[in-house]
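My entries follow in the order in which I checked them.

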Amino acid sequence: MLNLYDTATREVRPLALREPGKVGIYLCGPTVYGPPHLGHGRTTLVYDVLRRYLEWCGLEVRLVSNITDIDDKIINRANDEGRPWQDITHKCENVWFEAMGRLGVQRPTDVPHATDYVEQMVAMIAELVARGSAYATDDGVYLSIAAVGDYGLLAHQGLDDMLSGGGDREVFGAGNKRHPADFALWKFSKPSEPSWPSPWGEGRPGWHSECVVMSLELLDDGFDLHCGGADLRFPHHENERAQAVALGRTFARHWMHNGMVVDQEGEKMSKSLGNVANLLDLLDRYDARAYRMLLLQTHYRSPVRVGPENLEAAEAALSGLDAFAARTSAHSGGNSDAGVIERFRTAMDDDLDTVASIALVFDTVRAANTAADSGEAERTAALRAAVLEMTGALGLDLVEGDDVDDETLARAAALDAARAARDFATADKIRAELQAAGWNVETTKEGTRIRRG
RNA sequence: GGCGACGUGGCGGAAUGGUUUACGCAGCGGCCUGCAAAGCCGUUUAUCCGAGUUCGAUUCUCGGCGUCGCCUCCA
């Protein structure tokens with residue numbers, strides 16, 4: 001059984017499922033107003049690995065991840081660029097899923113859009129108002145945190161301490177609120193802004209009520225796991241939870257947060273700092289699997305520095321795994337080595353320890369290579385199968401053989417013929433040409449093997 | 001100011017109260033190879049500083065120094 005660090009209790013504890021065999025997960029998805037950056041890539045990759053592992057364990061996973069397609073930033077950008085806000089959200093969503101596809105991130109089972117749930121949000125806010133947990137002011141409707149006895153559960157800090165700090169940040173709607181920490185559920189709109197009707201006036205949703213409404217509707221009360229980036233812990237997730245609690249409903253049973261991507265200087269990559277790097281640029285420059293490999297070699301809760309050196313090292317590591325897959329392709333089939341798989345499960349069950357898991361993958365590759373060198377076919381096959389099973393569960397596809405064009409295959413055959421004739425000058429020349437064309441050329445006793453370099 | 005995390009080799013990054021300090025990348029040597037590649041074996045001054053606990057600390061405690069995150073809308 002998977003043990004996970006729970007942000008609420010600050011301990012690694014079993015992910016106790018609401019219903020045996022099934023896992024309901026809510027992952028905070030993007031607000032679509034710009035291109036995906038490295039941080040988005042990390043978050044989606046972390047939970048893609050989680051999902052794949054749970055499925056590998058035989059669980060039925062329902063992964064709900066929202067698209068927030070109405071937000072102040074979307075409106076601001078639309079105004080700045082003088083175009084309809086839907087243009088921005090539609091385009092950004094397409095780019096988002098294109099990037100996810102290239103990363104090998106499986107599409108969530110459900111992708112609800114905030115704009116499709118506005119009516120439900122209004123209904124929820126009305127219920128909060130009716131319960132006396134929310135109140136209208138002249139600029140919107142606010143949740144009263146006084147209605148949430150344990151507000152601050154995820155922040156792990158008292159309200160007074162939180163309010164005393166922070167310094168120079170502005171507090172939205174400060175003048176109208178009963179308590180400085182109360183937050184907007186509904187914001188009244190200006191004439192030109194997108195708006196929806198509500199009992200309190202035309203407006204738009206405030207603090208991520210869509211996440212509350214959609215998670216409870218699609219996953220129901222007491223769903224298993226709520227996750228997202230560590231920077232969403234407070235106030236974003238705290239406020240989601242506060243809404244559910246104020247409604248008298250049970251929210252997530254377990255909270256998971258992944259660490260941040262930091263830049264070369266070790267500072268968090270952040271939109272507010274302006275040091276975000278575009279995910280599509282990374283995908284253009286490196287093997288699409290390299291980022292996943294780099295993240296697997298880092299614990300999901302630790303910060304990770306994503307730079308050229310790390311990505312190139314990850315590519316080199318992948319090249320070794322590809323070479324292994326190609327070299328042992330004749331040993332495909334058979335059952336995975338049970339001992340290896342057991343160790344894999346133990347590592348992953350320990351708070352998703354992909355660092356140990358990927359180390360195990362490399363250890364197993366070495367053992368399999370040794371077995372192959374000494375002609376132990378059965379052991380080679382069992383270890384190879386274990387490697388592929390593990391990389392599969394982690395979402396890493398190994399390249400056993402590329403599609404090689406006929407002309408290149410003919411050159412490889414000519415290389416073999418030259419070697420057989422001991423015409424090494426010709427053989428070396430052909431090899432150099434193939435390498436110059438970007439191929440990895442391995443001349444072995446079984447013949448020349450060619451892979452993408 | 002409050003809360004929290006962390007400081008390990010050339011780089012990334014684990015683990016541990018004590019024999020051989022994982023794993024990946026890079027480097028070096030060897031085996032293999034016609035030569036390479038791939039692979040295998042070996043290898044290269046690593047635990048921020050100080051004090052304490054202990055037979056023994058990188059690991060536990062305290063104190064420094066340093067880095068980072070969160071404290072109202074950032075994954």
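I began just after helix α6, where D220 takes a positive phi of about 75°; helices here are DSSP runs of H or I with at least four residues, and strands are E runs of at least two, numbered from the N terminus. I note that this is a predicted model, in which local features need pLDDT of at least 70 and side-chain atom pairs count only at pLDDT 80 or more, while totals for chains, interfaces and linings use all residues. Residues are numbered from 1 along each chain as its sequence is written, and chains are lettered from A and ligands numbered from 1 in the order in which they are written.

I then went back into α6 itself (residues 209-219) and found nine of its eleven residues buried, where buried stands for 20 or more other C-beta atoms within 10 Å of a residue's own, exposed for 12 or fewer, and partly exposed for what lies in between, with C-beta atoms placed from the backbone. The buried residues include C211, V212, V213 and M214. I listed their packing partners as β3 (22-27), β4 (60-65), α4 (118-130), β7 (183-188), β8 (203-205) and α7 (233-246), a contact being two C-beta atoms, placed from the backbone, within 7 Å.

Next I looked up the largest nonpolar core, which has 114 residues, with I25, I125, L143 and L185 making the most contacts inside it; such a core is a set of buried Ala, Val, Leu, Ile, Met, Phe, Trp, Tyr and Cys residues joined through C-beta atoms within 7 Å. Helix α13 (residues 377-394) gives the most to this core, with ten residues. Beyond four places away in sequence, I25 touches V61, R62, L63, V64, D224, L225 and C227.

I turned to α2 (residues 72-81) and α3 (residues 85-103), which pack at an angle of about 115° with their axes 8 Å apart; the axes are lines fitted to C-alpha atoms over the stretch in contact, and angles run from 0 to 180 degrees between N-to-C directions. At this contact, I74, I75, R77 and A78 of α2 meet W85, I88 and T89 of α3.

Last, I checked M293, which is found in helix α9 (residues 290-296) and counts as buried because it has 23 C-beta neighbours inside 10 Å. Leaving aside neighbours within four places in sequence, I found M293 in contact with A314, A317, L318 and L396. The C-alpha atoms of M293 and N335, 42 residues apart along the chain, are separated by 25 Å.
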